[in-house]
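Hello, and welcome to this structure.

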Amino acid sequence: MAEPSQEAELSTRDLCYRYGEQWAVDDVTLKLRPGELTALIGPNGAGKSTLLQMLQGQLTPSHGEVLLGEQPIRSCRHQVALMPQRGRIDWRFPITALEMVKLRHSGKGAAVDRDAKAALASVGMEALGGARLGELSGGQQQRVLLASCLTQSSNTLLLDEPCSAMDPPARQKVLELLRDEAKSGRCICLSSHDWGTALQHYDRVIVLDRQLLFDGPPQQVGPQLNELITSRSGWQH
């Protein structure tokens, strides 16, 4: 079976996932395109993390499918990188920031060390490559996770709350980095609680509350989202 090209779209058809009797994601159909920086927003419990895990092939849908190009994601999931939430990682693991980034690298030889250092530098962590994971602040740990994701050869990056523990300067640096990565042709989708930033700085905004509510450019989604926030509890910023 031929693998999809690096320019392939990541798409879903009628995607659903159920935990017991509870639908976490219900009938979501969408396409993520190369060169696009997309924000996935919604309240707590909206199914954002579950959707990202299905998009990368970590979770098998209860119904529907995920395709990279024309291929099922299970056959080519190495072409899609997922940055998990910081809380899913055991930061007591006795390795350094640089060693963690190298663990996720998809290459071999001298390129691994070179690219890992470059990735840490791109997120402003070049001076802390030798620090143990447990010595880092929450925001620094987030940046190590992002650097680990960037070193992979995957053209599609799925980032689960990548900026949640970062201070404003670090958040701005990461946003600029992700913008450049998207301009280079990568497909980037990140979940976020920062709806204001999503509506101001991203190419596309997807609003999820188990079902896909809105999907489009910020200028289109913004008024729809503001109307929803005023009418539905749990949607305040």
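Predicted model: local features only at pLDDT ≥ 70, side-chain atom pairs only at ≥ 80, totals over all residues.

**Notes for a first look**

1. Residues are numbered from 1 along each chain as its sequence is written, and side-chain values use heavy atoms, with hydrogens and water left out.

2. Where does R33 lie? R33 is in the loop between β2 (22-32) and β3 (37-41); helices (H or I, at least four residues) and strands (E, at least two) are DSSP runs, numbered from the N terminus. R33 is partly exposed, at a relative accessible area of 34%. On this scale buried means under 20% relative accessible area, exposed over 50%, and partly exposed in between, with a 1.4 Å probe and protein chains only.

3. The side chain of R33 also makes a polar contact with the side chain of E36, at 3.2 Å. A polar contact is a pair of N or O atoms within 3.5 Å; within protein, one must be able to donate a hydrogen and the other to accept it, and residues adjacent in sequence count only if both atoms are side-chain atoms.

4. From R33, step across to T156: the two are 123 residues apart in sequence, and 8.8 Å apart in space, C-alpha to C-alpha. T156 sits in strand β7 (residues 156-160) and is buried, with a relative accessible area of 3%. Setting aside neighbours within four places in sequence, T156 is in contact with L10, L68, Q79, V80, A81 and C187.

5. V80, one of those partners of T156, belongs to strand β6 (residues 80-83). Is V80 buried or exposed? V80 counts as buried, because its relative accessibility is 1%. Not counting residues up to four places away in sequence, V80 touches L10, L55, Q56, L68, I73, S154, T156 and L158.

6. S49 is in helix α1 (residues 48-56) and is buried, with a relative accessible area of 16%. Beyond neighbours within four places in sequence, S49 is in contact with Q85, R88 and D160.

7. What about disulfides? A disulfide is a covalent bond between the sulfur atoms of two cysteines. Here it is taken as a pair of cysteine sulfur atoms within 2.5 Å, and by this rule the count comes to zero. C189 is in no disulfide either, as the nearest cysteine sulfur, that of C187, is 7.2 Å away. Both C149, at a relative accessible area of 0%, and C189, at 2%, are buried.

Notes. Contact = heavy atoms within 4.5 Å.
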